[in-house]
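The points take up the interface, the salt bridges, the backbone and the sheets in turn.

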Amino acid sequence: MLKTFKLGGVHPAENKLSANKAIEKLALPKSVFIPVAQHIGAPAQALVKKGDQVKVGQLIAKSGGFVSANIHSSVSGKIKKVDLSMDSSGYPKQGFYIDVEDDEWEDGIDTSSELVENFEADSKTIIDKINAAGVVGLGGATFPTHVKLMPPQGMKAEVLLINGVECEPYLTSDHRVMLEKAEELLVGIRLLMCALQVNKAHIGIENNKPDAINHLNKLTASDSAIDVVPLKVKYPQGGEKQLIKAVTGREVPSGALPISVGAVVSNVGTALAVYDAVQKNKPLVERVVTVTGKSVAKPSNLLVRIGTPVQDLIDAAGGLPEDTGKVISGGPMMGKAISTTDIPVTKGTSGILILPKKEANREQMKNCIRCTRCVTVCPMGLEPYFLMTVSDKQIWEKAEGNNIMDCIECGSCSYTCPADRPLLDYIRLGKGKVGNIIRNRKN
Amino acid sequence: MSDTIIYTMIALSAIGILAAVILYLVAQKFKVYEDPRIDEVENALPGANCGGCGYAGCRAFAEACVKESELSSLFCPVGGNDCMGGVADILGLEAIAQDPKIAVVRCNGTCDHRPKTNQYDGATSCAVASSLYAGDTGCQFGCLGHGDCVAACDFDAIHMNQETGLPEVVDDKCVACGACVEACPKTLIELRKRGPKDRKIYVSCRNEDKGGVAKKSCEVACIGCSKCFKVCPFDAITMNNNLAFIDSDKCKLCRKCVVECPTNAIIEVGFPPRKVKTDLPPKPAIKKEVPKKAEGKSSEDIKPDNLEKK
């Protein structure tokens, strides 16, 4: 019997169309836009100005606080301007417009594909290097990795969990990384273990990726510290708390961080970025992005520079199909529809999903029929129908009392609702309001 | 037989009298004194329970009035000066007159003026839409058109115009309670002084983008050119973040700014038509009309109880 988390969960059609497509390197774009806020926390502070020449890997904005991350140039060329640009939500964000001239890397960065396995076991050096390289969680939440590696006073990490679950339908970037960059990935995991001073790591992989499980099993056969845990296919297993429950059986209490049960979770993409940062001195300037969709001519996994316009990625996958109804940044469950393809790829962009018209539109909302399917599937044990009602009626005390802040926004409730009610939309609204109320109360 | 009836009657009467005495004593013992003026003040109030005064309802407002020693911080926007005068008479205080106000929607981004750039198919709620993204047009400051303000209004005084996709305030019904102001996530609705004959002039735009960007997303956006600011003889106009604002307290309704505005972002309502002048192109004054009751879903379904029902 395969392991999985107990409470709730759904199993949407997997649609992993690009699972057997090798990672391709995308040609350099003509120009990029690199936002200063690509992570959770304070935006980075600009270090370069209009007209400056930059190289690949050059620090162009430095971390703006403890929970923040450095931003590096992903191309070499001239800064056209430092200005606002629309992001995926339509609000303007500060960033750098860079005209690409050639591909000159900053000195000291190892751009060869040679595997560097040995490292000096020193926790502080590793964390400093990760911090300098601007590594953030590449699963989508973009939480700065160095912060995760420094547990708060009095807490101690016991186990490292590597998230290779990729439970979102369609997306395959992590899958390809586990197949093609497994050796680098394992070095990255050892580095993370060393930084956290733990001697056990589990790689959680859902059972729909048997090739990745076998491949990593083979490579870790001689290493007793790292093991591969095959998991039953269930969404949202990639959620931090769900993965901890599935692999270790521990439950993170409401409102607490994973470290409170001694676990630290990192995505496989992040572990690879850690390898690049520490062993190759290479900052986070590129990532693997899945471009996919049923009507897309060439679903692919592309290695792209941060800041590349999404349009370039779509062109590389065969262009925007005629019957496009929606373009989503991320997966179909948690991703966000984008209103323009001029927006850049950021550190958190795990995929670009193009939905045809007949799948794109949401159904008209109907009345709640009290079937409680949303309660059954909620992986956090919440009551989504109730949270939606109190958010709609603006009864914030009740929303807070019913643990609205525990919602991980996985969208299982909206997915399963037979009355097509936009449960998550309202819960997200309530979460925002309640979050503000809690913050104001603390101040 | 008759004995039984007599005993029963005596016993029940005794219990009744005893209970009455106990109840009377308890009522005397735990009596809570309530200022009788609270009831009087409450009767003088409109009884709309709209919360426009900032209190939970008319009763709470009446209690606050009785408690306070002066009425400067208390005002019932629904009843207006007449009502507050009555309250002041009851309490023997001095009423502080305030100008009557009215809500205005500061966005004129109709479908013609502001082309849609994408299609929204989420929940029909401005609050939800604005928590997701900037909106289905190029303007991130403009009206989302899902009618949260209509749903918030207890007085049936704001309706969606199906043709323009924007809410319209019914001047006669609006009591300036501010519920729509609270409801709008884009803070487009403002309470302004009701001018003579319901005339008003305002900048119907909240776009803070630079001129070019604003103009590109909406034909009638304020581009922050400051022309109105320069022409205003009464210093009523301020410029902030590429956006003009007309202070309704200072504005003398001279309409110079309306002529000056290159994008027609400044709107005049309720004025007689202008005489055509020499070289200036004629600008039709917007005819003030009571919008007919919007049909269909957006007003009928979303709208809560009318005032009469309460």
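1. Contact here means heavy atoms within 4.5 Å. On that basis, 19 residues of chain B are in contact with 17 residues of chain A. The model is a predicted one, and every point that follows should be read with this in mind.

2. How much area is buried between chain B and chain A? The value is about 1400 Å², and carbon and sulfur atoms give 53% of it. On the side of chain B, the residues that lose the most area to chain A are Asp121(B), Leu132(B) and Gln140(B), which together account for 36% of what that side buries. The size of an interface is often given as the accessible area lost when the parts come together.

3. The polar side of the interface deserves a separate remark. The rule finds five residue pairs in polar contact across the interface of chain B and chain A, both residues being at pLDDT 80 or more. Helix H5 of chain B, residues 126-132, supplies the largest share of the side of chain B that touches chain A, namely five residues. That side divides into nine polar, six nonpolar and four charged residues.

4. Which residues form the salt bridge between the chains? One salt bridge is found across the interface of chain B and chain A, and it joins Asp121(B) to Lys326(A), with the closest N and O atoms 3.4 Å apart. Asp121(B) is also one of the residues of chain B that lose the most area to chain A.

5. The total over all chains comes to 33 salt bridges by this rule. In the pair that crosses between chains, Lys326(A) belongs to strand S15 of chain A (residues 324-329), while Asp121(B) sits in the loop between strand S1 (101-105) and H5 of chain B. Is Lys326(A) buried or exposed? Lys326(A) counts as buried because its relative accessibility is 18%, and the cut-off for buried is under 20%.

6. Two further salt bridges lie within chain B. The side chains of Asp35(B) and Arg37(B) meet at 2.9 Å, N to O. Asp35(B) has a relative accessibility of 19% and therefore counts as buried, whereas Arg37(B), with a relative accessible area of 29%, is partly exposed. The side chains of Asp198(B) and Arg194(B) form a salt bridge as well, at 3.1 Å from N to O. In this pair Asp198(B) is buried, with a relative accessible area of 15%, and Arg194(B) is partly exposed, with 21%. In chain A, salt bridges that share partners join Asp103(A), Asp276(A), Lys282(A), Glu286(A) and Arg305(A) into one network.

7. Asp198(B) returns in a review of the backbone. Although Asp198(B) is not a glycine, this residue has a positive phi of about 55°. Its place is the loop between strand S4 (189-193) and strand S5 (200-203) of chain B. Asp156(B), likewise not a glycine, has a positive phi of about 60°. Asp156(B) lies in the loop between helix H6 (148-152) and strand S2 (158-161) of chain B, and counts as buried because its relative accessibility is 8%.

8. Where in chain A is a cis peptide bond found, and what is its omega? The bond from Tyr235(A) to Pro236(A) is cis, with omega near -5°. Pro236(A) is part of the loop between strand S11 (226-231) and helix H6 (240-248) of chain A.

9. An open sheet of four strands in chain A has the order S2-S8-S7-S4, and its pairing is antiparallel. Strand S2 (31-35) and strand S4 (53-54) of chain A are the edge strands, each pairing on one side only. Strand S7 (residues 76-86) and strand S8 (residues 92-102) of chain A pair in the antiparallel sense over 10 bridges. Opposite Ser85(A) stands Lys93(A), which belongs to S8(A).

10. An open sheet of three strands, also with antiparallel pairing, has the order S3-S5-S6 in chain A. The edge strands here are strand S3 (45-46) and strand S6 (71-72) of chain A. S3(A) pairs with strand S5 (residues 59-62) of chain A in the antiparallel sense over two bridges. Gln45(A) has Lys62(A) in S5(A) as its bridge partner.

Key
Residues are numbered from 1 along each chain as its sequence is written. Chains are lettered from A and ligands numbered from 1 in the order in which they are written. This is a predicted model: local features need pLDDT of at least 70, side-chain atom pairs count only at pLDDT 80 or more; totals for chains, interfaces and linings use all residues. Side-chain values use heavy atoms; hydrogens and water are left out. Buried area is the accessible area (1.4 Å probe) that two parts lose on being put together, summed over both. A salt bridge is a side-chain nitrogen of Lys or Arg within 4 Å of a carboxyl oxygen of Asp or Glu. A polar contact is a pair of N or O atoms within 3.5 Å; within protein, one must be able to donate a hydrogen and the other to accept it, and residues adjacent in sequence count only if both atoms are side-chain atoms. Ala, Val, Leu, Ile, Met, Phe, Trp, Tyr, Cys and Pro count as nonpolar, Asp, Glu, Lys and Arg as charged, and the others, Gly among them, as polar. Two strands pair if DSSP finds at least two bridges between them. Buried means under 20% relative accessible area, exposed over 50%, partly exposed in between (1.4 Å probe, protein chains only).
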